[in-house]
Amino acid sequence: MGDLKLMKGNEAVAEAAIRAGVDGYFGYPITPQSEVLEHLMANKPYETTGMVVLQAESEVAAINMVYGGASCGRMVMTSSSSPGISLKQEGISYLAGSELPALIVNVVRGGPGLGDIQPSQGDYFQATKGGGHGDYRMYVLAPSSVQEMYDFVKIAFDKAFKYRNPSMILSDGAIGQMMEKVEISEQTPRRTPEEIEKQCPWATVGKPTNRQRNIITSLYLDPYVQEKHVLKIKAKYERMQKEDVLYEKIKCDDAEYILVAYGSSARIAQKTVDIARKQGIKLGLFRPITLFPFPSKELFEVSKHLKGALAVELSTGQMVEDVKLAVECKIPVYHFGRYGGVIHTPVEIFNEFKSKFLGGI
Amino acid sequence: MDINEIIKPENLVYKKTKLFTEKPLSYCPGCGHGTTHRLILEVIEEMGIVSDTIGIAPVGCAVLAYEFMDIDMQQAAHGRAPALATAVKRLMPNKFVFTYQGDGDLAAIGTAETIHACNRGENITMIFINNGIYGMTGGQMAPTTLPGMKTSTSPFGRDVRIMGNPLKITELLANLPGTYYVTRQAVHTPNAVRKAKKAIRNAFEYQKLNKGVSFVEVVSNCNSGWKMTPNDANKWMEENMFPFYPLGDIKVPQLEKA
């Protein structure tokens with residue numbers, strides 16, 4: 001077992017990046033995620049692992065630094081919060097179009113616009129349906145604890161390199177700011193240039209005499225070539241759906257009803273399950289961990305013996321659409337949201353559940 | 001006389017540099033892009049740094065620069081080449097990294113990335129083609145369009161009271177502490193080409209010193225966008241562009257005291 005440390009979710013992301021042997025982090029301050037950059041600057045990984053850490057002039061510059069670094073086959077990442085993630089969308093689209101691995105962390109805050117700095121899940125659509133222009137998806141992980149903030153950094157990079165596609169950790173202001181104990185992993189050494197060239201023969205690192213030049217681009221002016229390129233990218237998303245779906249089932253086996261919730265909402269919903277179970281109500285929780293690929297097949301299987309599901313999320317109804325698609329209208333699905341940085345209480349979720357399914361409070 | 005009687009090694013006075021690919025250039029005849037590409041490639045070849053060089057292509061007429069240059073290249077989003085170059089150089093400090101950008105890319109949409117990369121003193125080379133117009137999209141007004149100059153979005157000439165002033169970004173960048181070498185060149189005559197090549201060579205050599213940005217502006221024509229013949233465009237450039245964008249070194253490295 002590794003060392004245990006008390007950390008904020010944002011600090012856990014930064015520490016995980018150092019320990020995973022990440023090559024570069026490029027960020028820009030925004031609440032509630034600035035501790036990622038602060039933790040990196042305070043710990044000076046550029047003196048230990050050699051990791052590059054740079055505060056960019058904007059979120060736009062930061063994501064394009066990520067593009068440059070990823071084009072060299074390096075493990076590179078950025079983090080931000082909702083308004084900043086909107087600014088990064090062009091760059092994320094380019095990453096997907098150019099088939100580059102990278103990690104983007106979004107510590108979501110209330111919106112739209114400047115919104116506020118409290119937790120929200122209002123960026124679900126943006127994260128899971130593409131976000132920027134063009135036909136693409138990211139591999140999206142939703143942590144619901146500080147430990148998962150730490151652990152998902154490595155998973156996100158593994159999938160980013162497996163698919164040559166950007167990954168996102170979709171967190172929120174609660175998970176980013178809360179402190180919990182975290183089990184810290186051993187230091188993974190950064191890959192050597194030779195290892196990188198072997199792993200990423202496509203990387204632009206300078207053209208040796210024994211290979212063709214490498215080009216990183218997302219430009220295919222011939223529509224038939226572009227269509228082929230989009231089909232290649234589409235195949236990755238289909239493969240993700242087959243091979244890399246993650247989810248958690250809590251008390252679903254004998255459940256008559258379930259809550260569906262991810263991230264910080266899932267923690268609160270779990271308390272609601274406890275309340276219901278104490279009253280003899282067979283309520284379970286289905287927690288999607290990958291929001292893209294969404295665990296549709298798995299949720300469908302669970303739904304076969306259910307009477308209904310309630311999607312609990314900090315948005316006006318985004319994930320609920322994927323829940324409805326997954327269960328194929330076989331059971332009633334309702335949505336219960338809080339908005340703009342306000343979070344649910346377990347009791348109000350329980351009351352909403354009862355009013356929807358058990359004929360009132 | 002048959003053409004094969006002429007094509008003989010002893011008659012060869014000019015040839016395609018080795019680092020040009022076989023792909024025909026997509027630039028208009030008479031445009032300065034092709035010449036500037038050639039100069040960069042000649043410098044890379046002569047310095048023997050092909051395996052250590054990464055180029056960043058812009059959005060603009062040179063968006064397909066990677067089709068013509070037989071080196072590892074990345075294609076950046078519009079204006080963001082200096083951000084890409086920043087990361088590439090910091091992650092691989094021993095490599096040679098250059099951006100190749102037009103005026104819309106470098107001095108309009110990418111102004112923030114340009115200024116901050118230059119101000120941080122990134123150890124990169126930036127090649128800036130200034131033809132006072134958006135060439136690829138069909139001749140719209142650029143940040144560098146001269147007062148009174150006609151473009152498709154200033155059809156009666158640039159009225160600075162309405163459209164604002166042209167931006168002398170190169171002079172601005174020369175004032176920043178992170179630029180080491182800033183020069184303005186042209187490629188429209190053999191003499192200018194020789195000087196421009198020397199400047200580009202300097203700009204690459206200076207990367208070895210780790211002193212900051214080496215910046216080479218190339219004032220160029222856009223005969224298609226300006227709606228002139230190549231010869232007329234060059235003449236117009238000399239008479240109108242050069243007085244506003246005077247050629248020569250703007251910031252030269254101070255010799256370190258022995």
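Reader: What makes strand S15 (residues 333-337) of chain A largely enclosed by the rest of the structure?

Author: In this predicted model, four of the five residues of S15(A) are buried, and a residue counts as buried if 20 or more other C-beta atoms lie within 10 Å of its own. The strand is therefore described as largely enclosed by the rest of the structure.

Reader: How do you know that strand S14 (residues 308-313) of chain A pairs with S15(A)?

Author: Two strands pair if DSSP finds at least two bridges between them, and five bridges join S14(A) to S15(A), with the two strands running parallel. Within this pair, Ala309(A) stands opposite Val333(A). The two strands also belong, together with helix H13 (residues 319-327) of chain A, to a right-handed β-α-β unit.

Reader: Why are S3 and strand S13 (290-292) of chain A said to stand at the edges of their sheet?

Author: The sheet is open and has seven strands in the order S3-S2-S4-S5-S7-S6-S13 of chain A, with mixed pairing. S3 and S13 each have a single partner strand, so one side of each is left without a neighbour in the sheet. From one strand to the next, the twist averages 20°. Inside this sheet, strand S5 (residues 102-108) of chain A and strand S7 (residues 166-172) of chain A pair in the parallel sense over seven bridges, and Val105(A) stands opposite Ile169(A) in S7(A). Helix H5 of chain A lies across S4, S5 and S7 of that chain, running at about 160° to S5(A).

Reader: What makes helix H4 of chain A roughly parallel to H5(A)?

Author: The axes of H4 (residues 59-71) and H5 (residues 82-97) of chain A come within 8 Å and cross at roughly 25°. Angles under 35 degrees count as roughly parallel, and the crossing angle therefore makes H4(A) roughly parallel to H5(A). The crossing of these two helices is right-handed. Among the residues of H4(A) that meet H5(A) are Val60(A), Ile63(A) and Tyr67(A), while the H5(A) side includes Leu87(A), Ile92(A) and Leu95(A).

Reader: Which element gives the most to the side of chain A that touches chain B?

Author: In total, 31 residues of chain A are in contact with 29 residues of chain B. S2, S3, H4, H5 and S9 of chain A each supply at least two residues to that side of chain A, and H4(A) gives the most, with seven residues.

Reader: How do you know which strands are the edge strands of the eight-stranded sheet that runs from S9(A) to S9(B)?

Author: This open sheet has the order S9(A)-S2(B)-S1(B)-S3(B)-S4(B)-S8(B)-S7(B)-S9(B), and its pairing is mixed. Strand S9 (215-216) of chain A and strand S9 (248-251) of chain B each pair on one side only, and these are the edge strands. Within the sheet, five bridges join S3 (residues 96-102) of chain B to S4 (residues 125-130) of chain B, which run parallel, and Gly102(B) has Ile129(B) as its bridge partner in S4(B).

Methods
Residues numbered from 1 in each chain as written. Chains lettered and ligands numbered in written order. Predicted model: local features only at pLDDT ≥ 70, side-chain atom pairs only at ≥ 80, totals over all residues. Buried ≥ 20, exposed ≤ 12 C-beta atoms within 10 Å, placed from the backbone. Right-handed = clockwise from strand over helix to strand, strands pointing away. Axes fitted to C-alpha atoms, helices over the stretch in contact; angles between N-to-C directions. Parallel < 35°, antiparallel > 145°, perpendicular 65-115°, else oblique. Left-handed = near helix turned anticlockwise from the far one by under 90°. Contact = placed C-beta atoms within 7 Å.
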